[in-house]
Amino acid sequence: MTEVKPFKIHVPEEVLSDLRERLMRTRFPSEIPGSGWDYGTNLAYLKQLVEYWRDRYEWRKHESELNRLTHFKVSIDGLDLHFIHEPGRGPNPMPLLLSHGWPGSVYEFMQIIPMLTDPAAHGVEGAQSFTVVAPSLPGYGFSDHTRTRTVNIQAIAEIFHKLMTEVLGYHRYAAQGGDWGAGITSRLGEVHGESLYGIHLNSVFVGGRGREESELSEEERIFLADMDHFRREESGYQWIQGTKPQTLAYALNDSPAGLAAWIVEKFRTWSDCGGDVERRFSKDQLLTNVTIYWVTESINSSTRLYYESRHHPWRPDPKKRIETPTGAAIFPAEILRPPRRWAEAAFNIQRWTVMPRGGHFAAMEEPGLLADDVRAFFGGRR
């Protein structure tokens, strides 16, 4: 069996010193007066964020908080995979795989992991506990950079399944994810349903399911209009990351201010923040996520997932439903919110929860709501 090695996060001091020096030398671009965020990341906000990162942000504090969780590394299919493996506190905890996306990291799960592993400490009956396994996607964070082509949704799903079953010995487990994690979780449901208690998604990606215009409901027309708007106004990052990620990487791997601008804009646009990103995330939360990308130099290998998925795609078969029992948490500021009947054509939907608030980064924005829904969905499947 592949050896599982304990892992502790420790960033060399020279890496942090280099970061501060680069932040001091930031050369900011111009901006059209009064344009706000219309053209992308707002100049005034980024200057404020860079100043905070340079002078007041404390990586060591957040590094220590991350290290309170139990971290490991293991080699699977030639890649060293980093993962958090936090045991549940309660009788017979259910193994739960949590999968993140881009531009996130396992840091997204810092608040929700204790809620799931130790429910009694959060006012919930202890029998609803989970043993949480939260890997850094291959090419992300503390996992190895990818070195070969075709490390796509299909490949990552297989790596994660091997982690859960062959490495950790969980013959049956639950899986949850958003963004790329939702795609990975959906793929697991498609090909490894016999090993799953079920899958839970907070991003549900479906197509039009082949319906004629005349058959569409008002809800479906709104969804398609939202999709068109996203393609026109919000998908530029997908095109560059899906076609020429290497070119982009030279800038983002060299400029921490540029990296922060690229990532933080997505946290603002995709969250339920009403245009004020710090209504949902503190500067420390935003910068800890960005710093993980910076210190691991993983922005290049993370964006390659878009290239691999564009050129070696996976989509649910429109003629065949994924029969693994599926729970869906629909947050109002999620990028796209499909009509339930389209989701039911693609997945065996057993629970559908329309949330009162929250967006794309549900585990950070509304960890309590998401944890409650995960417990409710898997509670009857133990």
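Modeller: The model is a predicted one. Let us begin with the burial of threonine 117.

Biologist: Why is threonine 117 called buried?

Modeller: Its relative accessible area is 2%, and buried means under 20%; threonine 117 therefore counts as buried. Threonine 117 lies in helix α4, residues 112–117.

Biologist: Which residues does threonine 117 touch, not counting those up to four places away in sequence?

Modeller: Threonine 117 is in contact with Glu86, Pro87, Gly88 and Arg89, and also with Ser129, Phe130 and Val132.

Biologist: Glycine 274 is in the loop between α10 and α11 (283–296). What makes glycine 274 count as buried or exposed?

Modeller: The relative accessibility of glycine 274 is 72%, and the class of exposed residues begins over 50%; glycine 274 is therefore exposed. Its C-alpha atom is separated by 25 Å from that of threonine 291, 17 residues apart along the chain.

Biologist: How do you know that β1 and β9 stand at the edges of the sheet?

Modeller: The open sheet has 9 strands in the order β1-β2-β3-β5-β4-β6-β7-β8-β9, with mixed pairing. β1 (5–7) and β9 (347–354) each have a single partner strand, so one side of each lacks a neighbour in the sheet. From one strand to the next, the twist averages 25°.

Biologist: What makes β2 and β3 a pair?

Modeller: Pairing requires at least two bridges, and 6 bridges join β2 (residues 71–76) to β3 (residues 79–86); the two strands therefore pair. They run antiparallel, and isoleucine 76 has leucine 79 in β3 as its bridge partner. Helix α15 (residues 367–379) packs on the sheet, and the strands it touches include β4 (94–99) and β5 (130–135). The direction of α15 makes about 150° with that of β7.

Biologist: How do you know that β8 is largely enclosed by the rest of the structure?

Modeller: Of the 9 residues of β8, 7 are buried, so the strand is largely enclosed.

Biologist: In which sense does β8 pair with β7, and in which with β9?

Modeller: β7 and β8 pair in the parallel sense over 3 bridges, and β8 and β9 pair in the parallel sense over 7 bridges. Threonine 326 of β8 stands opposite isoleucine 199 and opposite isoleucine 349 in β9. Between β8 and β9 the chain passes through helix α13 (residues 340–346), and this β-α-β crossover is right-handed.

Biologist: How do the axes of α2 and α10 cross?

Modeller: The axes of helix α2 (residues 43–55) and helix α10 (residues 256–270) come within 10 Å and cross at roughly 120°. That makes α2 oblique to α10, because the range of 65 to 115 degrees is for roughly perpendicular and over 145 is for roughly antiparallel. The crossing is right-handed. Tyr45, Leu46, Leu49, Val50 and Trp53 in α2 meet residues of α10, among them Pro256 and Val264.

Terms used:
Residues numbered from 1 in each chain as written. Predicted model: local features only at pLDDT ≥ 70, side-chain atom pairs only at ≥ 80, totals over all residues. Heavy atoms only, no water. Helix = DSSP H or I, 4+ residues; strand = E, 2+ residues; numbered from the N terminus. Buried < 20%, exposed > 50% of the residue type's maximum accessible area, 1.4 Å probe, protein only. Contact = heavy atoms within 4.5 Å. Axes fitted to C-alpha atoms, helices over the stretch in contact; angles between N-to-C directions. Right-handed = clockwise from strand over helix to strand, strands pointing away. Parallel < 35°, antiparallel > 145°, perpendicular 65-115°, else oblique. Left-handed = near helix turned anticlockwise from the far one by under 90°.
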